[in-house]
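Please keep the sequence and the structure in view while reading.

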Amino acid sequence: MRIDLVTAFPDLVQGPLEESIIKRAQDKELVRIIVHDLREFTTDKHHKVDDYPYGGGAGMVMKPEPFFRSLEQISASVEDSRNLKIIYMSPQGELFNQKMANELAHDEHLIFLCGHYKGIDERVVEEFVTDEISIGDYVLSGGELPALVVIDSVVRLIPGAISDMDSAATDSFQQDLLDCPYYTRPEEYRGLQVPEVLLSGHHENIRKWRREQSLNRTTSRRRDLLSNHRNKKNGFDRTEDEYNGQA
Ligand code: 9WO
């Protein structure tokens with residue numbers, strides 16, 4: 001897989017891409033991640049990437065030309081530029097979830113456009129963007145951190161990116177239920193005990209306890225997940241969201 005990230009603030013993303021699973025995936029050549037400095041695609045002497053919005057109002061808008069040039073350079077560097085996925089991270093995008101991560105993990109080439117200020121000139125979006133993604137209903141300073149979130153979730157799904165042990169955990173992860181609590185040694189810490197059942201060695205009771213914890217947490221914190229879960233359990237071949245055309 002190849003991932004390109006176009007940003008006016010390359011230092012914002014460089015560090016996180018050089019740590020942990022993403023670093024290891026790159027070392028193993030499972031993924032190649034290229035960070036492009038938007039300012040290198042400017043032609044004026046001040047390397048200006050933003051300008052005042054037409055129509056007025058507070059804040060700046062990112063100029064179209066550097067994005068056009070960067071995307072043309074990236075397109076020219078690949079054999080087939082017809083199937084590029086060009087993703088704009090914005091609060092106006094489709095809400096990101098595990099299902100979308102799974103789908104993106106099957107793509108050969110992802111390109112992330114990171115906006116700042118009020119956003120990117122809409123002509124870039126109209127001309128190039130194939131997917132607009134939001135990671136949640138809040139506003140940040142730019143699309144860099146959300147792009148890292150999506151990249152992390154996708155890269156760890158590439159076969160070989162994580163150990164077999166971690167993979168097994170991911171496989172059994174119930175996308176529609178919250179995870180149960182976990183404990184490790186010591187058995188007692190500052191008077192705080194690990195739940196007895198986990199020390200019992202009774203695997204069936206442990207499985208039941210974990211299941212119950214998952215269901216309780218999901219009921220009290222994320223009722224929305226539970227309704228999807230119930231449909232699956234009842235043998236419907238589609239979840240509520242899928243039935244409603246939202247997934
Ligand atoms: C900034 C601003 C300043 C003055 C008046 C209006 C304004 N709107 C914005 C704004 O929404 N800026 C965004 C910053 C433009 C796109 C990149 N930025 C961004 C992406 N913030 N938050 C995200 C984001 C992306 C994905 N998921 C969650 C949040």
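Which element supplies the largest share of the lining of the second largest pocket? The answer is S5, which contributes 5 residues to that lining. The model discussed here is a predicted one, and the ligand sits in this second largest pocket.

**The pocket**

- The second largest pocket holds about 380 Å³ of space, and of the 24 residues that line this pocket, Tyr88, Met89, Ser90, Pro91 and Gln92 are the closest to its centre.
- Besides S5, the strand S7 also supplies at least two residues of the lining of the second largest pocket.
- By residue class, the lining of the second largest pocket divides into 11 nonpolar, 10 polar and 3 charged residues.

**The shell around the ligand**

- A nitrogen atom of the ligand lies 2.6 Å from a backbone N or O atom of tyrosine 117, and a polar backbone atom of isoleucine 135 is 2.8 Å from a nitrogen atom of the ligand.
- For leucine 140, a polar backbone atom is found 3.0 Å from a nitrogen atom of the ligand.
- Of the 610 Å² of accessible area that the ligand has on its own, the protein covers 78%.

**Backbone details**

- The peptide bond that leads from arginine 185 to proline 186 is cis, with omega near 5°, and proline 186 belongs to the loop between helix H7 (164–172) and strand S8 (188–189).
- Serine 20, which is placed in helix H2 (residues 20–27), has a phi near 55°, a positive value in a residue other than glycine.

How values were computed
Residues are numbered from 1 along each chain as its sequence is written. This is a predicted model: local features need pLDDT of at least 70, side-chain atom pairs count only at pLDDT 80 or more; totals for chains, interfaces and linings use all residues. Side-chain values use heavy atoms; hydrogens and water are left out. A polar contact is a pair of N or O atoms within 3.5 Å; within protein, one must be able to donate a hydrogen and the other to accept it, and residues adjacent in sequence count only if both atoms are side-chain atoms. Accessible areas come from the Shrake-Rupley method with a 1.4 Å probe; for residues, only the protein chains shown count as cover. On a 1 Å grid over the protein atoms alone, a cavity is a set of points where a 1.4 Å probe fits but cannot get out, and a pocket is an open set with protein on both sides within 12 Å along at least five of seven lines; lining residues have an atom within 4 Å of a point. A molecule sits in a cavity or pocket if more than half of its atoms lie within 2 Å of its grid points. Grid points are joined across faces, edges and corners, and a volume is the space filled by probe spheres set on the points. Helices (H or I, at least four residues) and strands (E, at least two) are DSSP runs, numbered from the N terminus. Ala, Val, Leu, Ile, Met, Phe, Trp, Tyr, Cys and Pro count as nonpolar, Asp, Glu, Lys and Arg as charged, and the others, Gly among them, as polar.
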